[in-house]
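Biologist: I am new to this structure and would like to learn how to read it feature by feature. Could we look at it together, with the general idea before each case?

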Amino acid sequence: MRTARRKLTAGVLASALTGLLSACGADTGSAPNQINWWTWDDKQAAAYQVCASDFEKANPGVNVTISQYNVADYFTKLLANFVAGTAPDAFQNSPQFFQQYASLDQLMPLDDFMRKTGYDLDRFSTGTTTWRYTDGKQYGLPLDWSSAALYYNQDTVKKAGYTASDIENLNWNPDDGGDFDKVVAHLTVDRAGVRGDEPGFDKKHVATFGIGPLGTKDFTGQTTWAPFYASLGKHVANKPAWPTEFTYNDPQFVKTTQYIRSLSDRGFAPRDGEFASAGNTPSGPELIGSGKVAIMPDGSWSAAQYAQVPKLKTGIAPTVTGPDGTTRGTISSSNGNNIWSGTPRPDLTWKWVSYMGSAACQTKASGSGSFFPSIPASMDASAQSMAAKGVDLSVFIDQQKNGELFANPAYANGTAIQATVEPLFQSYFAHSRGEEAFKEMANRSKSLLAGEK
């Protein structure tokens, strides 16, 4: 089962690990029945502990240790432990880093394990293709999936004269913004109580923004520009797997981002960093709960948090439809469960990883609503559990059933693309760069996707 693994040295990864190798404190453990699993998500760490306890009961003598690290340090720490030879047996991974780790031979292909144990990938609703490498082998199992939606303050919407149906059926176009623009303008209120579509509106002193931050630096745009662009039938990646281009210079993409920037220019949406204070930015539930925004574009992972805001009645609406009134789309990103190629206990680690990828585990772990499981039966059980707590996840279930999800593809040089493209987005939305920034984004990302440095 073991695959040939490239031995890493500090020199290979010096630029990423400068000053951090001394921080390596992880240990795969010398005990033959010790399994170490890492995640950056505190909620999933707690959720999968239920599975770990069940797994240990079913396998006497086995001990599963789950470690969670802050996302800001997680991937650098993981690289450092690859170098030191002390990486965890298995770990949660992001598509952004898949190519990097696979190209360094730090991931174990799962195909032989799956054939030997009869493990069927058809159990998953999404995410399997994201974790198939360019060599055609499967290197990860989907741990979860996510998408985007529009969360809104029901009382604010009702006070403005709108119904839930109005928010759930917003159409949009890049020319005048459609119904979406009209609703967002009316929901915006300045400090004097004047609405954004009324004479005398003061865009420099806004009390409630109609829509939350959209002009962000995020280069994939999952909760910001991507649903708007997708409503035009467009995806920025030119291929569903291992794209060779991110078409940031497509005229329709440019028009989409021009429109999004105009929302902040007109005072209907906050500028990037508007609410940041002392290095902290309020979460979506905090912005909705404080009345600073009426509608918040946010991820599915936040659904349970909105329900926990005191005295707040939150509705969840789907993303906008395009000019045809029917086309919707949103990125479905799926984190993966990888096995380190250097684990001294590959068969036992596969047993744990494959158990995590079972309906029995995912149904229990996802009951808190902190993540969406990739197995449909588990997702249905999670939705029922959350409905009993007053959280309606039907918007996300419908996205699956209606074919509105498109997978976030695996791509090369994810870290370098992020570091290159995000500052360009940031400068565009800050008006320090014009439309020429999109040509630069497209050209530089194309080079990076081709494997150039």
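Biologist: Which residues does Thr220 touch, not counting residues up to four places away in sequence?

Modeller: Please keep in mind that this is a predicted model. A contact list shows what surrounds a residue, and for Thr220 the list, which leaves out residues up to four places away in sequence, consists of Trp225, Ala226, Ile331 and Tyr411. Thr220 itself is placed in the loop between strand S7 (206–211) and helix H9 (226–230).

Biologist: How should I read the protein as a whole, and what radius of gyration does it have?

Modeller: One way is to set the value beside that of a compact globule: for 453 residues such a globule would have a radius of gyration near 22 Å, and the protein, with 23 Å, agrees with this. Along the principal axes, its C-alpha atoms fill a box of roughly 75 × 50 × 40 Å, and the secondary structure comprises 18 helices and 12 strands. Of the 453 residues, 57% count as buried, while 74% of the contacts with a separation of 6 or more are between residues 24 or more positions apart.

Biologist: Which cysteines form a disulfide, and how far apart are their sulfur atoms?

Modeller: The criterion is a distance, because a disulfide is a pair of cysteine sulfur atoms within 2.5 Å. Cys51 and Cys361 form a disulfide with their sulfur atoms 2.1 Å apart, and the count by this rule is one disulfide. Cys51 belongs to helix H2 (residues 42–58) and Cys361 to helix H14 (residues 359–365), so that the pair links distant parts of the chain, 310 residues apart. The torsion about the S-S bond is about 105 degrees, and therefore the disulfide is right-handed. Cys51 is buried, with a relative accessible area of 0%, and Cys361 is buried with a relative accessible area of 0% as well.

Biologist: Which residues of H2 are buried, and what covers them?

Modeller: An α-helix has 3.6 residues a turn, so residues three or four places apart point the same way. In H2 the buried residues are Gln44, Ala45, Ala47, Tyr48, Cys51, Ala52 and Phe55. Their cover includes strands S1 (34–39), S2 (63–68) and S3 (90–93), together with helices H13 (346–356) and H14.

Biologist: Where does Thr86 lie, and which side chain does it join in a polar contact?

Modeller: Thr86 lies in the loop between helix H3 (71–84) and S3, and a polar contact of 2.7 Å joins its side chain to that of Asn81. Asn81 is among the buried residues of H3, and just after that helix Gly85 takes a positive phi of about 75 degrees. The C-alpha atoms of Thr86 and Gly342 are separated by 8.6 Å, although these residues are 256 residues apart along the chain.

Definitions and conventions. Residues numbered from 1 in each chain as written. Predicted model: local features only at pLDDT ≥ 70, side-chain atom pairs only at ≥ 80, totals over all residues. Heavy atoms only, no water. Helix = DSSP H or I, 4+ residues; strand = E, 2+ residues; numbered from the N terminus. Buried < 20%, exposed > 50% of the residue type's maximum accessible area, 1.4 Å probe, protein only. Contact = heavy atoms within 4.5 Å. Rg over C-alpha atoms; globule rule 2.2 N^0.38 Å. Polar contact = N/O pair within 3.5 Å; in protein donor to acceptor, adjacent residues only side chain to side chain.
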